[in-house]
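Let's take a friendly walk through this model together, moving from a sheet to a helix and then to a single loop residue. Keep the viewer open as you read.

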Amino acid sequence: MEHMTKALVIFLLVIVGNAAQALDISPANDKQPVQVKSARVSPLEVKPGSRISVSIDVDITQGFSVYEDKLKLFPLEPDGMTLGGLQMTPVVEFVDFSGKQHRGLLKTARLDFFAEIPKDADAPLKTFAMDLEYIACTTKYCSPPTKLEVKLPINIQSRDLVPNSSMIEQQISKNLFWAFVLVFVFGFLTSLTPCVYPLIPITLAVIGARASQLSRAQAFGLSFVYVLGISATYSLLGVVAAKTGALFGQALSYQPVVMAFVILFVLMALSIYGYFEIGIPHFISKRLEKSGDNRGYMGAFSSGLIAGIVASPCVGPVLVGVLAYIAKTQNIVLGFWLLFTFAMGMGVLFLFIGTFSSSFKKLPRSGPWMDVVKFVLGTTMLGVALYYLKPLLPDAWFTICLALMIAAALFIFIAKVYPKVDHKFWHYMPFIFCALIVISPLVIKIPTSSRSTEQTQKAALKNGWTYYSEDALSKAKEQGKPVIIDFFADWCAACLELDEKTFAKPEFIEATKNYTLLKVDASENFPELADLQKKYEVYGLPTIVFIDKTGNVVKELTLTGFEEIEPMMARLKTLNP
């Protein structure tokens, strides 16, 4: 009976309080108890189908409290927009007019949530609107459910701000001309990333070493043929990868391929130093002499074919889109020419470098100047050989090989730049050092897989990263944690750059403290890799997959290629608003 009486009293108090408010018996207040102080949207410019982060600061009139479980959000514009992930801070405990303890907001508070823009949203659109519904109470009465309309600035674009794989697939289907233009432009942009840096010394070695003998037009022709070779290999590898489901650039995961590169680069270095000349077979050179073509086009094209394999780990959203298109449509011819166009765009930089390397001929044709130029080119080529040898060796052995390379360069420098030192010892020692570099993986007899596991495990366990497992993924979903999956390999330059320049940043580490960070090591093939590639639509490396708190992959956030910390932080804020 006592409980019924108390409940009745509370009910009457609510009725009386609401009536008092309606009759303006409550303390005079022209404003609603809750007022928006400021609001922020990130990012401001989005495309239809994107998710944005929203933060709203509110002021609550003195004497009022807002129930946590009664505060709700209702989308108004654009049609089809959804809101979710509401978090309120600070949430405090208070006693309402009924004498019961509740949780809610007092004085000032911040509301954080996300908004999903519908894919069919009208664009361009400059604002979106929503209702903030709440119940505010004093120690004497409660207001009825009250709605406060909030309008926020936003710029919903009618097109993608940054090309992604889905956009490329759509563009290919809609307008082939613009698809080819787009892949060419982004091929050029790819050439400005560290992924293709190893090609620069190769280009200089192929063309720059002969620059003093070439006119500007001849250097351009030789460079163009060299880029054609890169494009031919690049396109073929891409088509094969898309047809077979293999990772683009995976050729560099095979030890025999890497060792062949190392040997070739060492031989090219010694050739540039002047120890011997790498020529094409006699029957081919004889035929070229008959045709009057003795400028080395065949050698440049062959070098380009090899360089195409070196460039194959370089991927991006445009390239992934083309590979996805080939895989889905099986249109090999169109796919080949799209990849060829991408590689030609990537080759613009090397065309420029090769053409203007003929400026070397302005230096004296003989003497110390040319010897220094050749020394720099040859030593750089040795550095490229060492770069590709690194994944095959433990750190200690790599350091030894680096010391051998420096010693070889030093001996050659003394022998070539200072010709007065003319002793056989100085001439033969570089051969010995280079031979030790080449055979070191065989001498130590350590399989590639053992080294890779040792090295990548250190990287995987650093800064909260662990190896991928379905159990870890399920646990993250149960705990409501966002997930980042990093598909990487030790032969992928952009992957290493992400680790060093983005994932190692303090702001990234701090922002992902409550994330589950998983790595998939694709340095070598393993039985589950193909399934993971198919599940997450991975065509090249690096590929970073983002999964929200509910366990759903956020495809529009998928990253292919390197990204600086600032845009990466924007992705994190979108994933976990």
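Two strands count as paired here if DSSP finds at least two bridges between them. Keep in mind that what you are looking at is a predicted model. With that pairing rule, four strands form an open sheet in the order 1-3-9-6, and their pairing is antiparallel. Where does the sheet end? Strand 1 (34-42) and strand 6 (82-89) stand at the edges. Each of these two has a single partner strand, so one side of each is left without a neighbour in the sheet. On average, neighbouring strands of this sheet are turned by 20 degrees against each other, direction ignored.

Strand 6 pairs with strand 9 (residues 108-116) in the antiparallel sense, over six bridges.

Next, move along to helix 8, which covers residues 297-311. Its 15 residues reach 20 Å from the first C-alpha to the last, close to the 21 Å expected at 1.5 Å a residue. Which residues of helix 8 are buried? They are Ala 300, Ser 303, Gly 304, Ala 307, Gly 308, Val 310 and Ala 311.

Our last stop is a loop. Ser 98 sits between strand 7 (92-95) and strand 8 (101-106). Is Ser 98 buried or exposed? Its relative accessible area is 13%, and buried means under 20%, so Ser 98 is buried. Thr 139 lies 41 residues away from Ser 98 along the chain, yet their C-alpha atoms are separated by 8.1 Å.

Notes:
Residues numbered from 1 in each chain as written. Predicted model: local features only at pLDDT ≥ 70, side-chain atom pairs only at ≥ 80, totals over all residues. Heavy atoms only, no water. Axes fitted to C-alpha atoms, helices over the stretch in contact; angles between N-to-C directions. Expected span 1.5 Å × (residues − 1). Buried < 20%, exposed > 50% of the residue type's maximum accessible area, 1.4 Å probe, protein only.
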